[in-house]
Amino acid sequence: MKKTLTINLGGIVFNIDDDAFVVLKNYLDTIKGYFDNSEGRDEIMTDIESRIAEMLTEKMNGGKEVINSNDISAIIKIMGQPEDYISDDMDEQPRTQYTQSSQHTYTHANQTTSRRLFRDTESGNVGGVCAGIGHYFGVDPIWFRMAFVLSVLFLGTGIFLYIILWIIMPEARTSAEKLSMRGEPVTFENIGKTVEEEMKNVKKKFSNFDNEAVNNTAHNVKSGLNQVGSFLVSIFKFAFQAIGKILGFLFLIFGGLILFALIVGIFTPVDQIFFESGSDQWGYSLIELSNLFFPSGMDFWLTITGFIMLIAVPLIALIFAGTTMLFGAKPPKYTGIALAGVWILGIILTAIGGLRTSVEFSKDSSISEVTTLNELPSDTIYLDILNEKQINSSYKYSHGNREPFRIKDGQLTIEDVEVNVLETNSKYPQLEIIKQSRGKNYSEADQRAENIQFSTQIDSNTIYISPFFTVSSDDKWRNQSVQVNLYLPTGKTVFLPKSYKHIIYDIKNYHDTYDKNMVNMFWSMTDSGLVSPKIMKREKKRMDQDANDFEKFEINITTDDEEHSIIIQ
Amino acid sequence: MKIENTKAQMRKGVLEYCILLFIKDNEMYPSEIISKLKESKLMVVEGTLYPLLTRLKNAGILTYRWEESTSGPPRKYYCLTPIGETFTNELSGTWKALEEAVTFAQKQSK
């Protein structure tokens, strides 16, 4: 298979093989180089091109569709090698500049094209980067390969550099690119030639300058202004280009690094996700967590894949923007559409996964269980924590240093127990336990609520309440919670221990005391709600103080255990 | 001095004269001229003809007109200008003298 180009030769369109094109172009360019414009170069070239077009037309009439290099070779045989143009033609003074190249055959003349940096995928081992650099400098690529391998030892810089070069350097695809990749060998002869051409250009410019100096001054001023203007324009252009390049570079680095991190994150098996709590750390596998949350493995992968797409697409777009700004290399056609498509797909996948999961939380159900405490020996009830030995659990209450949950042996332990104290009209105190859960329908939510394992224990006048509950991992986490309500008839008293600081929740009381200040106290149920005798006493004392003596300042320092009063006279 | 150079110099002068002779009688396009030159073994490759024709045209010796072609691009039909005709006549005289000189020289060498 070969690439075909369409060319216009002498006003006629031809399809020509890529390599045949290279040969023909070099042939014409070489001949063109032999003439000065004063000698009617353009006309000669038009004549030659027309003749070639005529001959090619004849060839095409035989039913051929594409011109190949054999056709071009045949035509060159008829038209003559470029050297023939010199020896046969009008050169009274042979031009030294071209007699050099006339010693080569014209196929070597294509080496006069300037050398460019390409990746040589044909002779390369990985991406052809080293081979390309080798061609560029005319050095055996083995040295560059060794350098890259060595630099890998330095924190893998070689790999990073190689990837960047791989992206930047275009691949030599066509014959023309392959030729210009190899370019012209850098010899003294060629350097001399280049210098000579440079000198000629400079001379030309000087002679032009002389001519202009003779011209009238107005013209000079005008051209001077023009020059200043174009100088400013070029400075602005340069500044904008520089800013663009810097931005492009930043885009590229930023996008590249995050994408790299994302890819590493995806392909590195994430074993543990850590929760930090106090000085301890607990780790769970991603699979364990996703099993708890997502209804099925499919939902997990849907959501995760969609989410990754959502993040990766803007990053890739950023990288493309960066390369375009930095190297002017346009991304492949339809890249934008493809990226947008992937992004929308990401949204859809995330939405499907998210919806399917959120449905699992749509219905709420609770189961209530009431125990009447009619065998209490006294009017005072003591609340306490049910310790782990009593319920034979390895889980230890964190005393408010709550971790979201803990998974062990297929059991999910959650510290989400709330205790409230309320008033009741019945004769005896009552203990109500409400287990709550969510599910995609009520029966499922009911089932989950029922499956909650939660313990309380009543021993004489002490009620032990577990600060956590457990559910089976198979039940998944569906926002299960436990609420314990202690209903007190008027006249009964309850003692809230210090350990209840994080368990009691929003208990209404006469003093409007916050939960955390309610512990370590007795609370009695009165007609006007829960009252603390201790706070009553304290307030009474303060009111007396205020009424009697305004010159005394009392500072109350309340600690968890005692109350100190400092009286300043 | 190389023998190739001398050959080229000789051929060059004769080539121009011959081309002018071909065109003198009837106008021609380059391909026709080339086939005539090939017959007379004066020219091996076609490419060299075009610079020569252009140079003669620029010197005011030749002129051309365009004609559409059925097989390919339009063709240039060359013919002599009045200057060209005088020039060709002059060259004919020169050639005659040269021919005599050469014949004489060759006879002498025998």
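Q: In strand 8 of chain A, what is the bridge partner of Ile407(A)?
A: The partner is Leu412(A). Keep in mind that this is a predicted model.

Q: How many bridges join strand 7 of chain A to strand 8, and which way do the two run?
A: Three bridges join them, and the strands run antiparallel. Strand 8 covers residues 411-414.

Q: Which sheet are they in?
A: An open one of three strands in chain A, in the order 7-8-13. The pairing is antiparallel.

Q: Which strands stand at the edges there?
A: Strand 7 (406-408) and strand 13 (469-472) of chain A. Each has a single partner strand, so one side of each has no neighbour in the sheet.

Q: And what does the twist average?
A: From one strand to the next, 30 degrees.

Q: What holds strands together in general?
A: Strands of a sheet pair through backbone hydrogen bonds, parallel or antiparallel.

Q: OK, what about the open sheet of four strands?
A: That one is in chain A too, with the order 5-10-14-9. Its pairing is mixed.

Q: Which are its edge strands?
A: Strand 5 (363-372) and strand 9 (417-423) of chain A. Each pairs on one side only. The twist in this sheet averages 20 degrees from one strand to the next.

Q: How does strand 9 of chain A join strand 14?
A: Through seven bridges, with the two strands running parallel. Strand 14 of chain A spans residues 481-488. One bridge pairs Glu418(A) with Gln483(A), which lies in strand 14.

Q: Switching topic. How many residues of chain B are in contact with chain A?
A: 25 residues of chain B, and they touch 26 residues of chain A.

Q: How much area do the two chains bury between them?
A: About 2,100 Å², with 53% of it on carbon and sulfur atoms.

Q: Which three residues of chain B supply more of its buried area than any other three?
A: Tyr50(B), Pro51(B) and Pro73(B). Together they supply 24% of the area that chain B buries against chain A.

Q: How many salt bridges cross this interface?
A: The rule finds five between chain B and chain A. Over all chains, the structure holds 21.

Q: Which residues does Glu43(A) meet in salt bridges?
A: Lys57(B) is one partner, at 2.5 Å, N to O. That pair runs from helix 2 (residues 41-60) of chain A to helix 3 of chain B. Glu43(A) also meets Lys76(B), at 3.3 Å, N to O.

Q: Why can such side chains pair?
A: Side chains of opposite charge can pair when their charged atoms come close.

Q: How many residue pairs are in polar contact across the interface?
A: Nine, between chain B and chain A.

Q: Which elements of chain B give two or more residues to that side?
A: Helix 1 (3-25), helix 2 (30-39), helix 3 (49-58) and strand 2 (75-80) of chain B.

Q: Which gives the largest share?
A: Helix 3 of chain B, with seven residues.

Q: What about residue classes on that side?
A: The side of chain B that touches chain A has nine nonpolar, eight polar and eight charged residues.

How values were computed: Residues numbered from 1 in each chain as written. Chains lettered and ligands numbered in written order. Predicted model: local features only at pLDDT ≥ 70, side-chain atom pairs only at ≥ 80, totals over all residues. Heavy atoms only, no water. Contact = heavy atoms within 4.5 Å. Buried area = accessible area lost by both parts, 1.4 Å probe. Salt bridge = Lys/Arg side-chain N within 4 Å of Asp/Glu carboxyl O. Polar contact = N/O pair within 3.5 Å; in protein donor to acceptor, adjacent residues only side chain to side chain. Nonpolar A, V, L, I, M, F, W, Y, C, P; charged D, E, K, R; others polar. Pairing = 2+ DSSP bridges. Axes fitted to C-alpha atoms, helices over the stretch in contact; angles between N-to-C directions.
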